[in-house]
Amino acid sequence: MKRFFLLLIIINFPNLGLAAIKDKIINNLNSIENLSFKFEQNINGKIETGDCVIQYPKKIFCRYDKLNNKILVSNGTSLVIKTNNGNYYRYRIERTPLNYILDKNFLIQEIQNLKERVVDNKFVNFTFFKNENEINIFFDAQNYELIGWQTLDIYQNLNITYLYTIRKNQILEKNFFKLPPIN
Amino acid sequence: MKETIVRNYLEIKSINCLIESVSPQVECSTHIVKPDDFQINKFFYKNVGKKHKWIDRLTWSEKDWIKYSSDPRLDTYILKVKDDLAGYFELIFHSKLQEIEIAYFGLLEEYQNKKLGGYMLTTAIKKSFKKDVKRVWVHTCSLDHKNALDNYLARGMKIYKKETIRI
């Protein structure tokens, strides 16, 4: 009987390890109200950098380093992209993959049901499909922090966002995610 | 598997032939995209077109989109509903022929069936006739939204050519 239990433990050991990783990622996500970070974004090979703040659910403010002082803001329902050369566009957030990436509860629910992929012992990756978008989320395999995402739509537009210098749960000003005015 | 589709070509030859649509019940406005922004053309092409088999530009690179959207003959307009992007149309000015082609025209799914298509087409025809043109034309096919052809006819456009093609 002892041998049988030992065998069961050996067989299930890797799964227990992966379940622990999932739990730690979920626990970590649960502890996050907001994240501030620098980002590097690669869209079809074009690199953009800048600073972002995320507040769950679905709020984000990003300022790009170059690109006409481009800013990207979501107040939770609408997403605005504004540049200082006069472009101002407001999208419903449901039209963008950020609708899922910025929804902590959605991510947790997906993670609970998905099989993770550990890449080079450095990253933990979960892949899911929503509205014809393939979305990959990456976490640090050591500290379980969110470190990036990758979206690939049915038209093969690849957007890879890598986060670094991450700070959790900063005190944010009221109206931090207020949509900017048109002018 | 091949599919048979019917393509109708429609035209309107004078602003006096335009039958304006009733105003939509929602707060909306139309704006020209200036400066050019290929992301807008691409966003609408992808999001409006995915239900209607708009496929020929899916392989376009960013360079192709930039070249297209910055063509001086092209004007892109967007429809905003309460400031959110809801639809678009593209007008191509053929100066030698003195005509404007409505190249692309569409609403995001959540804004369809709210009388916005009629309003947007009325605006497109009015904007077109502000230039020195003899006619405005468009083509639509049986893969487009079920109300597309009716909308063009209801605004006073006439079918001048019809063809059946297999794709």
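**Interface and aromatic pairs**

Four salt bridges are counted between chain B and chain A in this predicted model. One of them joins A:Arg95 to B:Glu110, with 2.5 Å between the closest N and O atoms. Eight residue pairs are in polar contact across the interface of chain B and chain A, both residues having pLDDT 80 or more.

On chain B, the elements that give two or more residues to the side touching chain A are α1 (38–49), β3 (74–81) and β4 (84–94). The largest share of that side, five residues, comes from α1(B). By residue class, the side of chain B that touches chain A divides into 12 charged, nine nonpolar and one polar.

The contact draws 22 residues from chain B and 16 residues from chain A. Between them the two chains bury about 1,900 Å², of which 44% lies on carbon and sulfur atoms. Within chain B, the most area is lost to chain A by B:Lys46, B:Lys50 and B:Asp84, together 24% of what that side buries.

Attention now turns to the rings. Over all chains, the whole structure holds 21 aromatic pairs. One of the pairs is B:Phe43 with B:Phe44: the ring centres lie 5.2 Å apart and the planes stand at 75°, so this pair is edge-to-face. B:Phe43 is buried at a relative accessible area of 13%, and B:Phe44 is buried at 0%.

B:Trp65 and B:Tyr68 also form an edge-to-face pair, 6.5 Å centre to centre with 85° between the planes. These two residues are three apart in helix α2 (residues 62–69) of chain B, and therefore separated by about one helical turn. Both B:Trp65 and B:Tyr68 are buried.

Conventions
Residues are numbered from 1 along each chain as its sequence is written. Chains are lettered from A and ligands numbered from 1 in the order in which they are written. This is a predicted model: local features need pLDDT of at least 70, side-chain atom pairs count only at pLDDT 80 or more; totals for chains, interfaces and linings use all residues. Side-chain values use heavy atoms; hydrogens and water are left out. Contact means heavy atoms within 4.5 Å. Buried area is the accessible area (1.4 Å probe) that two parts lose on being put together, summed over both. A salt bridge is a side-chain nitrogen of Lys or Arg within 4 Å of a carboxyl oxygen of Asp or Glu. A polar contact is a pair of N or O atoms within 3.5 Å; within protein, one must be able to donate a hydrogen and the other to accept it, and residues adjacent in sequence count only if both atoms are side-chain atoms. Helices (H or I, at least four residues) and strands (E, at least two) are DSSP runs, numbered from the N terminus. Ala, Val, Leu, Ile, Met, Phe, Trp, Tyr, Cys and Pro count as nonpolar, Asp, Glu, Lys and Arg as charged, and the others, Gly among them, as polar. Rings of Phe, Tyr and Trp (its six-membered ring) pair if their centres lie within 6.5 Å; planes under 30 degrees apart count as stacked, over 60 as edge-to-face and the rest as tilted. Buried means under 20% relative accessible area, exposed over 50%, partly exposed in between (1.4 Å probe, protein chains only).
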